[in-house]
Amino acid sequence: MTQQAEKHEHAARHEPRRSPFLYVVVCAAGVATGVSKLITAAQERNWEVGVIATPVAMNGFFDSAAVEAQTGRPIRSAWRTPGEPRPFPPPDAVVVAPATFNTVNKWAAGIADTLALGTLCEVAGLGVPIAVLPCVADALAAHPAYRDSLTRLRGMGVRFGDPYAGEPDPDGGRPEFRWERALDLLGP
């Protein structure tokens, strides 16, 4: 580790924080375009926010430049090298929104092949509060592996919001994705 990296890591560990730190894990679902609503709600509740996105979500599922400007931090999607300083402090809580079929199943199986999944596997083992807003089509939600994954993750203390399939309403519109619900699941 370079001397500069050691200084940054030391400062991050010993710097007093005014607000708790929230990791927001964003997966590749169409509603991800609205992740700024979650960030705004979190900041209004005095959270500092850092965003971790799945690699596919980084391919245009949300406005990454706007999110970086809103949080004042880079979005993380790839592993850092051992000499690089940690860009975020340890989380006080984590929100996964939107959470896809793929991410939920891999996470429950302990697969950590992306930074997002590796982070989720690790924080679950540390006892960090985690809230999840699933965004999964009804046909996928009926899959036995998905139901088993929900059971396993709930058994690990993960808190789930109501499922969101994104199916059109009878009038042709889509129901609102309730971003703030994730923060409510974390508690006060």
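A salt bridge here is a side-chain nitrogen of Lys or Arg within 4 Å of a carboxyl oxygen of Asp or Glu. One example joins Glu-176 and Lys-37, where N and O sit 3.2 Å apart. Keep in mind that this is a predicted model, where local features need pLDDT of at least 70 and side-chain atom pairs count only at pLDDT 80 or more, while totals for chains, interfaces and linings use all residues. Residues are numbered from 1 along each chain as its sequence is written, and side-chain values use heavy atoms, with hydrogens and water left out.

**Confidence**

- The pLDDT (the predictor's confidence in each residue, from 0 to 100) averages 90 for the protein chain, and 90% of the residues score at least 70.
- Residues 1–11 have a pLDDT below 50, and beyond near neighbours in sequence this stretch has eight contacts in the model; a contact means heavy atoms within 4.5 Å.

**Salt bridges**

- Side chains of opposite charge can pair when their charged atoms come close.
- The count for this structure is four salt bridges.
- (Helices, H or I with at least four residues, and strands, E with at least two, are DSSP runs numbered from the N terminus.)
- Glu-176 is exposed at 54% relative accessibility, and Lys-37 is partly exposed at 41%. For those words, buried means under 20% relative accessible area, exposed over 50%, and partly exposed in between, using a 1.4 Å probe and protein chains only.
- Arg-73 and Glu-48 also meet in a salt bridge, at 3.1 Å from N to O. This pair links distant parts of the chain, 25 residues apart: Arg-73 is in the loop between helix H3 (64–71) and strand E3 (93–99), and Glu-48 is in strand E2 (residues 48–53).
- Both partners are partly exposed, with Arg-73 at 22% and Glu-48 at 23%.
- Asp-113 pairs with Lys-106, with the closest N and O atoms 2.7 Å apart; Asp-113 is partly exposed at 45%.

**Nonpolar cores**

- A nonpolar core is a set of buried Ala, Val, Leu, Ile, Met, Phe, Trp, Tyr and Cys residues joined through side-chain atoms within 4.5 Å.
- The largest one has 32 residues, and Leu-22, Val-95 and Leu-183 have the most contacts inside it.
- Two or more residues each come from strand E1 (21–26), H2, E2, E3, strand E4 (130–134) and H8, and H2 gives the most, with five residues.
- Leaving out residues up to four places away in sequence, Leu-22 touches a list of residues including Ala-42, Trp-47, Val-95 and Leu-183.
- Apart from this core lies another, of 27 residues, among them Tyr-23, Ile-52, Trp-107 and Ala-108.

**Cysteines**

- A disulfide is a covalent bond between the sulfur atoms of two cysteines. Here the test is a pair of cysteine sulfur atoms within 2.5 Å, and a search of the whole structure finds zero.
- Cys-27 is in no disulfide, as the nearest cysteine sulfur, that of Cys-135, is 9.5 Å away.
- Cys-27 is buried, with 0% relative accessible area, while Cys-121 is partly exposed at 25%.

**From the UniProt record**

- The unreviewed UniProt entry places a "transmembrane region" at residues 21–39; such annotations may be inferred rather than shown by experiment.
- In the model, residues 21–39 are 26% helix and 32% strand, and the end C-alpha atoms are 12 Å apart.
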